[in-house]
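Trainee: I'd like to learn how to read helices, their packing and a ligand shell from a model. Can we go through one together?

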Amino acid sequence: MFAIWLVVLLLIAHLGLAKWSGHAEDTLPQLAMLAVMVMAVWAAFMRYRRSPALLRLPWLLMSLALAMQVFWVGTNVLAATLGDKSGYLAALATVLSSLYVIPCMFMVTRSFAADEARTMAVLDLVLSCMVAVQLYLFFTKLLSGPLASDPASIYVVIYLADAIDFSLSAMAILRLLGARSFRWRYFYYAASVHLLVNATVAAIYNRIEMHGLPWWAGSLIDIPHALVVLVAVRQPPRWLRAYHPSLAVSQTITSFAPIIMTMVVVMLSISTSRVSLAPSLLAGSAAVLFYGLRMAFIQSRHLDRQRAVDLSTWRLEQQVGRDPLTGIANRAMLDTRLREVLEEGRRTASYCSVLMIDIDFFKQYNDSLGHIAGDACLVQVACALSSSRVRANDVVARYGGEEFAVVLADTTAEAAQDVACRLIEAIGRLQIVHPNCPSGYITVSIGIATQAAQTPVDSVAILDEADRALYRAKSQGRNRYELALHVMPDGLDSVHMNG
Ligand SMILES: Nc1nc2c(ncn2[C@@H]2O[C@H](COP(=O)(O)OP(=O)(O)OP(=O)(O)O)[C@@H](O)[C@H]2O)c(=O)[nH]1
C-alpha cells in the first residue's frame, strides 16, 4: 500500500513541478517521471523474485523492458541537462529505445513451455534483436540528417512505433486470454495493462509533440508505469481467477504467437527497405526462414513424440497380453489370436487346430517340491513349448494354472498330431525330475481339436473340444495326446500315442 501512496505522491509532484517550470521536458519534472518509472521496475522485479521458477523469466523480461525505458529517459534527461553537444547521449537514447523492444517481444511471443527446445528460444532472440536493429536503423536514418526536419518522416516513425506498440499489446492480451493457469494470466494481465496503456500514451504524446508539448504532457508517460506498480502490488481482480479458457483456445493462441514476431520483422523490413535496403532484405528473409525452421522443428519433435508414444503403446499391449510368470501369451491374447486364426481359416477355407496341454500330476509336484519349484517348472515348460512350435505365427499361451494352449493356423488334425508329438518329446527332453510320477519326470497330456474347412466352429467350442480330448488323454494314462471326437475333418480316427 505504501508503494501506491508513494507513486500517487510522485505523480502529484510531477504535475506540480511541470506546472511550476511551465515545460514538460525540464529536468525536475523529468526526474519525478524517472522516479515513477524506477518504482515500476522495482514492482516487476519484486514479482520476479516471488514467482515460481517457470514464471521468473517473463517477470524478469518485464523488469528489463521497464529498466530500458528508465535508461532511455534517464539518458535523454542527462543529454538535456549537460547540453550534449557531441550527440553521443542522444544516440545512446536511440539505441536504448530500440533495445526496449527485445524483452517486450520476447515476453509476449515465447511459449515459455518447460520442454521447449533451446533452439526455439535462440531463434526468437535473434528475431527480437533483428527488430531492435531495424528500429535503430530506421530511427537514425529518418530522425537525423536532412530527413529529420520533414514532418512526413516523423509521421512514418510515429506510425511504425504505433504499429509495433499496438502489436505487442494485442499479443499480450491474446496471451492473457489463452493462459490456462492463473499465475500466467496474472503476468499477461500486468503486461497487457502496461503495453496497451503505454502504446496509447505514446501515440497521443508523439502527436501532441508535433505541435509543441504542453506542461502536463510528461505526466501521461507516468500512467503506464504507475499502473504496473498498482497491478503488481494490489490483489489481482476476481475475474482473472474465474476466467478459464478451453484447451483448444489456449493451444491455438500459443501456436499463433510466433507468427506475430515474424510479421513484425517482415512489416519492419518493408518499412525500412527505403532507408536501408540490404539489412531490411536480410532481416525479412531471415524472419520467413526462421518461421519455416521453427515449423520444421516442431514437426520433427511432434513426429519423435508420436514414435515414442507408438512404441510405449506397443510395449503396453505386449505387457497386457503376456503372462507375468512365463512371459508367453496370456488367456486374453489367446482368445484374441484364436478368434483371428479361426476367422482367417473360414475366409481361406483352411484347417485350424488347437492343442490344450496340461502338466501331469502337477499337484503332486507342487506338494513334494513346493510352489517355487512349481513356478520354475511352469517357466521351463512354457519355454520348451514356445521354442518347439512349428511357425512364428503359431500362438503358445498359458491358459491358466498348469494348462497351456497352442493355436496352429492353417494346420490339419494330422499336422497338429505331429506338433503334439514334438511337444511331448520336447517336454520329455527337459528331464525335470518329478518324485511322484510313474515316469519319474515331468510329462504333459494334450487334447487336439481342429476346425474343418467345411464345418466352422467358434473359439469357445473348439477350446471345449480340445479340453474334452485332453480329459480323455488324462484318463487313458497321461503323457499322450488325443484328438477331439467331433472334429475329424481329414478322415482320421481318434488317435493316441505314448510319448
Ligand atoms: N507353482 C504353481 N502351481 C500352480 C500354478 N497354477 C496352478 N498350480 C497348481 O497346479 C496344480 C494343478 O493340479 P490339478 O488340477 O489337480 O492337476 P494335476 O495335479 O496336474 O493332475 P492331472 O492334471 O490330472 O495330471 C494345483 O496344485 C495348483 O495349485 C502356478 O502358477 N504355480
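Trainee: How far apart are the end C-alpha atoms of residues 88-108, and how much of the span is helix?
Mentor: They lie 31 Å apart, and the span is 95% helix with 0% strand. Helices here are DSSP runs of H or I with at least four residues, strands are E runs of at least two, and both are numbered from the N terminus. Keep in mind that this is a predicted model, where local features need pLDDT of at least 70, side-chain atom pairs count only at pLDDT 80 or more, and totals for chains, interfaces and linings use all residues. Numbering starts from 1 along each chain as its sequence is written.

Trainee: And what about residues 253-271?
Mentor: That stretch is 100% helix and 0% strand, with 27 Å between its end C-alpha atoms. UniProt, in an unreviewed entry, lists both spans as "transmembrane region", along with others including 28-45 and 120-140. UniProt positions follow the numbering used here, feature names are shortened, and annotations may be inferred rather than shown by experiment.

Trainee: At what angle do the axes of α6 and α7 cross?
Mentor: Axes are lines fitted to C-alpha atoms, for helices over the stretch in contact, and angles run from 0 to 180 degrees between N-to-C directions. Here α6 (residues 118-143) and α7 (residues 151-178) cross at roughly 160°, and their axes come within 9 Å. So α6 and α7 are roughly antiparallel (over 145 degrees; under 35 is roughly parallel, 65 to 115 roughly perpendicular, the rest oblique). The crossing of α6 past α7 is left-handed, meaning the near helix is turned anticlockwise from the far one by less than a right angle; clockwise would be right-handed.

Trainee: Which residues in α6 and α7 meet?
Mentor: Contact means C-beta atoms, placed from the backbone, within 7 Å. On the α6 side you have F138, F139, L142 and L143, facing S153, V156, V157 and L160 of α7. By class, that contact has seven nonpolar, one polar and no charged residues. Nonpolar covers Ala, Val, Leu, Ile, Met, Phe, Trp, Tyr, Cys and Pro; charged is Asp, Glu, Lys and Arg; the others, Gly among them, are polar.

Trainee: How does α6 pack with α11?
Mentor: The axes of α6 and α11 (residues 247-272) come within 10 Å and cross at roughly 25°. That is why α6 counts as roughly parallel to α11. Again α6 makes a left-handed crossing, this time past α11. F138 of α6 takes part here too, among residues that meet α11 ones such as M261 and L268. The classes are ten nonpolar, four polar and one charged.

Trainee: Which residues come nearest to the ligand?
Mentor: A residue is near if its C-beta atom, placed from the backbone, lies within 6 Å. Of 17 residues around the ligand, D360, F362, K363, G374 and G401 come nearest. β1 (352-359), α14 (362-369) and α15 (371-387) each give two or more residues to the shell. The shell divides into five nonpolar, five polar and seven charged residues.

Conventions
Contact = placed C-beta atoms within 7 Å.
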